[in-house]
Amino acid sequence: MENAGDPVEQKECSERKRRDSFGILDGCDSCSEGSSSSCSSEDSDEDACPLPASLPVIKTNGQVYTYPDGKAGMATCEMCGMVGVRDAFYSKTKRFCSVSCSRSYSSNSKKASILARLQGKPPTKKARVLQKQPLMAKLAAYAQYQANQHSQVKTKAAVPQDTFDWGDYIGTGDIKGAPVSCFKHAPMGTSWEDIAEGLRVEVLNSDNSFPMKVYWIASIIKLAGFKALLRYEGFDSDAGQDFWCNLCVPDIHPVGWCASGGKPLVPPRSIQHKVSNWKVFLVKRLTGAKTLPSNFSAKVQESMQIPFKKLMRVEVVDKTHLCRTRVALVEQVIGGRLRLVYEESQDGSDDFWCHMYSPLIHSIGWSRSIGHRFKRSDVSKKLEGQVDAPGQLFAKVKDVDQSGDWFKDNMKLEAIDPLNLSAICVATVRKVLADGYLMIGIDGSEAADGSDWFCYHSTSPSIFPAGFCEINNIELTPPRGYTKLPFRWFDYLSESASVAAPVKLFNKDVPNHGFVPGMKLEAVDLMEPRLVCVATVTRIVHRLLRIHFDGWENEYDQWVDCESPDLYPVGWCQLTGYQLQPPAVQGECPYKCPFKCLSECPVCFKDSFLCVLLSHFLHGFK
């Protein structure tokens with residue numbers, strides 16, 4: 001093989017390989033080929049919520065704050081440092097002043113957010129409250145001066161995708177990834193049934209020094225979503241050279257691909273000496289074995305085609321007022337996820353991420369057709385290339401018969417709170433719309449003008465009959481301020497002079513979804529929908545999944561339907577080029593603060609924000 005570079009020799013070798021049913025090249029060395037992918041994520045900013053008129057307004061350094069009324073107790077936001085009325089804070093533990101602050105408190109943004117605060121910047125996403133503590137303001141001002149002196153201004157940055165490896169995370173143990181067949185909306189979701197352990201494929205041979213791509217046959221040892229743990233044929237029970245790869249990448253092929261395309265099959269260098277005749281060995285091993293369909297690669301490409309295009313117009317929920325929709329333009333499409341920019345956004349920063357099959361987006365004219373509130377756009381001139389997205393591109397809902405016994409205004413039910421997806425709450429039908437749609441309000445938390453009502457279809461898996469939580473041993477969140485605990489539906493209906501929505505009106509279909517507790521997957525953080533995170537299914541109630549974000553506290557868990565388009569198989573981000581958020585890691589504090597305070601630091605969960613500041617004063621910025 002010394003003359004491998006000679007054109008004549010290469011041609012003759014190529015002809016011999018075409019005649020060889022396996023395309024085997026004996027005794028060759030290979031070179032390893034590596035590939036990497038990178039992607040980016042977009043930040044999204046929400047508008048500030050209006051300040052309550054009952055609170056006196058003050059101004060400090062051009063920023064508006066309000067004094068709490070002093071009656072309900074105080075709390076301090078661990079994200080932005082704002083203080084205010086405890087009851088107005090988000091989450092059960094009242095650690096954050098808003099949903100945005102709660103979700104921005106992530107493994108990717110902790111350090112950058114702290115530095116932003118040190119530089120005296122306001123929170124990235126405006127909080128609804130409150131007054132910054134004077135001491136914090138002074139310390140932050142001094143910290144900003146120190147930062148400027150050291151020219152160490154840092155901005156929020158996404159964690160590079162290649163810092164997290166699903167193969168290392170899952171390993172060879174009992175951890176399982178949800179099968180691709182569980183995700184009908186994902187690429188290959190309806191064509192994955194025949195992909196199983198034991199399947200043979202032709203893959204790049206990395207145990208080689210030959211100066212071109214060569215291949216060898218491997219068997220699937222373990223499956224996790226799109227990812228497969230492979231072992232080269234000939235290694236038998238030796239797992240030393242096992243490796244993970246995504247089955248849908250271009251260099252994975254069915255057995256026979258090398259022979260039909262004249263590609264060399266080369267046994268790994270470390271086991272070449274074990275077998276004297278590799279052709280006979282492969283014939284014996286592959287007889288009766290299964291492989292990928294011959295059109296597997298074409299199917300993958302076909303399943304990744306997305307009908308939505310840039311500048312298509314849609315109606316989407318207004319993220320600042322859930323009760324209404326607005327017109328938005330498709331700005332970016334990644335693997336079926338759409339970055340929508342509200343039509344009135346001047347700089348394109350007022351955006352919203354969702355999947356193309358999300359129940360939150362609709363065709364132009366949908367709101368008017370069902371009687372849903374809609375914010376008209378002030379934009380009179382359309383951009384060149386704008387077109388209304390065709391109606392057939394959107395997810396379809398079941399037809400329902402609203403005549404006779406149907407939902408009525410003020411009926412009670414249980415519903416997942418769209419502003420706190422870890423909670424199922426006592427709720428009320430506030431308005432019955434056309435085509436089976438309902439406006440729902442969370443009891444005890446509604447705005448006087450109904451701006452926080454939200455729209456669910458009557459067949460939605462996110463609404464439940466009264467008593468659902470009790471029957472299924474799920475904690476039901478009672479109305480805010482309701483003191484007669486434990487909550488009992490019979491008492492509450494009697495006290496409120498209301499009736500529960502009939503059980504027969506709710507969706508009782510439970511598909512054979514295939515999920516089991518403990519399965520790993522990639523899931524959208526619906527409180528920060530641009531983020532797709534490493535997650536685990538921790539509980540299943542009929543068709544409802546409890547999704548836990550790895551590395552996070554349980555209070556950030558979310559209830560999600562088994563057919564939600566915001567759930568994806570392991571390896572989906574790698575396949576589509578979307579940014580995957582790795583699990584949060586609780587490491588040592590990088591600030592080496594010598595002081596210990598009562599509150600927790602957003603970086604190390606041990607030292608407070610004050611500790612971080614004092615540490616900088618003592619040691620300087622790093």
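Select K398: at 46% relative accessibility, K398 counts as partly exposed, because that term covers values between buried (under 20% relative accessible area) and exposed (over 50%), with a 1.4 Å probe and protein chains only. The model is predicted: local features need pLDDT of at least 70, side-chain atom pairs count only at pLDDT 80 or more, and totals for chains, interfaces and linings use all residues. Residues are numbered from 1 along each chain as its sequence is written, and side-chain values use heavy atoms, with hydrogens and water left out.

**Around K398**

K398 sits in the loop between β17 (387-388) and β18 (412-417). Strands (E, at least two residues) and helices (H or I, at least four) are DSSP runs, numbered from the N terminus. Contact here means heavy atoms within 4.5 Å. Then pick G436: its C-alpha is 8.6 Å from that of K398, although the two are 38 residues apart in sequence.

**The five-stranded sheet**

Next, colour the strands β9-β8-β7-β6-β10, which form an open sheet in that order with antiparallel pairing. β9 (243-246) and β10 (253-254) stand at the edges, each with a single partner strand, so one side of each is left without a neighbour in the sheet. Two strands pair if DSSP finds at least two bridges between them. Between β8 (residues 227-232) and β9 there are four bridges, in the antiparallel sense. Select L230 to see F243 of β9 standing opposite.

**Helix α7**

Which strands does helix α7 lie across? Show residues 278-286: the helix lies across β6 (200-204) and β7 (215-224), running at about 30 degrees to β7. Axes are lines fitted to C-alpha atoms, for helices over the stretch in contact, and angles run from 0 to 180 degrees between N-to-C directions.

Within α7, select W278 and F281, which are three residues apart, about one turn of the helix. W278 is buried at 3% relative accessibility, and F281 is buried too, with a relative accessible area of 15%.

**Rings**

The structure holds 26 aromatic pairs. W278 and F281 form an edge-to-face pair, 5.1 Å centre to centre with 80 degrees between the planes. Rings of Phe, Tyr and Trp (its six-membered ring) pair if their centres lie within 6.5 Å; planes under 30 degrees apart count as stacked, over 60 as edge-to-face and the rest as tilted. Another stop is the cluster of W353, Y568, W572 and Y578, linked by ring pairs.

**Two covered strands**

W353 also belongs to β14, where D351, W353 and H355 on one side and F352 and C354 on the other are all buried. β14 (residues 351-355) pairs with β13 (residues 337-342) in the antiparallel sense over five bridges. R337 stands opposite H355.

Finish at β27 (residues 558-561), where Q558 and V560 on one side and W559 and D561 on the other are all buried. Its antiparallel pairing with β26 (residues 544-549) runs over four bridges, and Q558 is the bridge partner of I547.
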